[in-house]
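Notebook open, pencil ready. Here is what I looked up today, step by step.

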Amino acid sequence: MNISKNIRKMQISDLPEVLKIETELFSDVWTEQMFVEEINTQVSYVLELDNEIAGYICGWKLYDEFNITNVAVSKKYQQKGYGKLLVDFIITEIAKENFHILFLEVRESNLAAIKLYERVGFNEVGRRKKYYKNPTEDAILMNLNNKINIEKEDNER
Ligand SMILES: CC(C)(COP(=O)(O)OP(=O)(O)OC[C@H]1O[C@@H](n2cnc3c(N)ncnc32)[C@H](O)[C@@H]1OP(=O)(O)O)[C@@H](O)C(=O)NCCC(=O)NCCS
């Protein structure tokens with residue numbers, strides 16, 4: 001079964017479930033208004049499994065770069081490959097639009113997310129001091145050069 005078929009654009013009607021997951025997972029939660037902005041002006045997808053939202057991914061387009069701003073998989077569905085599925089999905093979507101560099105920030109203590117990003121090919125390129133609040137923490141800045149990855153895959157065929 002092709003699970004990526006269960007990924008679709010986030011809609012306003014998804015927000016009660018999305019906010020429930022957001023509150024379950026994060027200490028500095030995004031507000032409903034932030035998700036509304038994301039739906040109206042940026043990029044946001046949800047993964048729907050068994051008629052419920054299992055996870056979501058959001059990002060911003062900045063010239064030819066793309067910033068992954070939020071990735072979440074509800075606890076019930078974690079460590080089953082869905083986080084990787086969402087990140088792989090957005091990398092593929094963004095490649096279609098010629099965004100070559102993807103970047104993101106992640107809390108330095110968030111080992112699960114760091115492992116996930118490394119797994120899909122992101123590398124640490126820097127740090128932002130005290131970037132996060134509640135609790136205050138440095139961000140690790142990670143990049144993925146999408147063009148290089150796609151060319152590599154093409155050569156491997
Ligand atoms: C980070 C998160 C999205 C990962 O989602 P997931 O569906 O559990 O991840 P996956 O099952 O796709 O795992 C992909 C890889 O991530 C790593 N990983 C995931 N969870 C991990 C954990 N708890 N500990 C260590 N590594 C982990 C593994 O390397 C895994 O690769 P593997 O197949 O070799 O094991 C999820 O843990 C989450 O929602 N966390 C809370 C929200 C969050 O921190 N978001 C990121 C903000 S920057």
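Which of the 19 residues around the ligand come nearest? I found Gln78, Gly83, Lys84, Ala112 and Leu116. I counted a residue as near a molecule if its C-beta atom, placed from the backbone, lies within 6 Å of it.

A note on what I am looking at: this is a predicted model, where local features need pLDDT of at least 70, side-chain atom pairs count only at pLDDT 80 or more, and totals for chains, interfaces and linings use all residues. Residues are numbered from 1 along each chain as its sequence is written.

Next I asked which elements supply the shell around the ligand. Strand E4 (65-73), helix H3 (82-96) and helix H4 (111-119) each give at least two residues. H4 has the largest share, with six residues. Helices (H or I, at least four residues) and strands (E, at least two) are DSSP runs, numbered from the N terminus.

Then I sorted the shell by class: ten nonpolar, five polar and four charged residues. Ala, Val, Leu, Ile, Met, Phe, Trp, Tyr, Cys and Pro count as nonpolar, Asp, Glu, Lys and Arg as charged, and the others, Gly among them, as polar.

Stepping back to the protein chain, I found five helices and seven strands. From the N terminus on, I read the order as β-α-α-β-β-β-α-β-α-β-β-α.

Last, I looked up the extent of the chain. The C-alpha trace of the protein chain spans about 45 × 40 × 30 Å along its principal axes. Of its 157 residues, 25% count as buried (20 or more other C-beta atoms, placed from the backbone, within 10 Å of the residue's own).

Definitions and conventions. A residue is buried if 20 or more other C-beta atoms lie within 10 Å of its own, exposed if 12 or fewer, and partly exposed in between; C-beta atoms are placed from the backbone.
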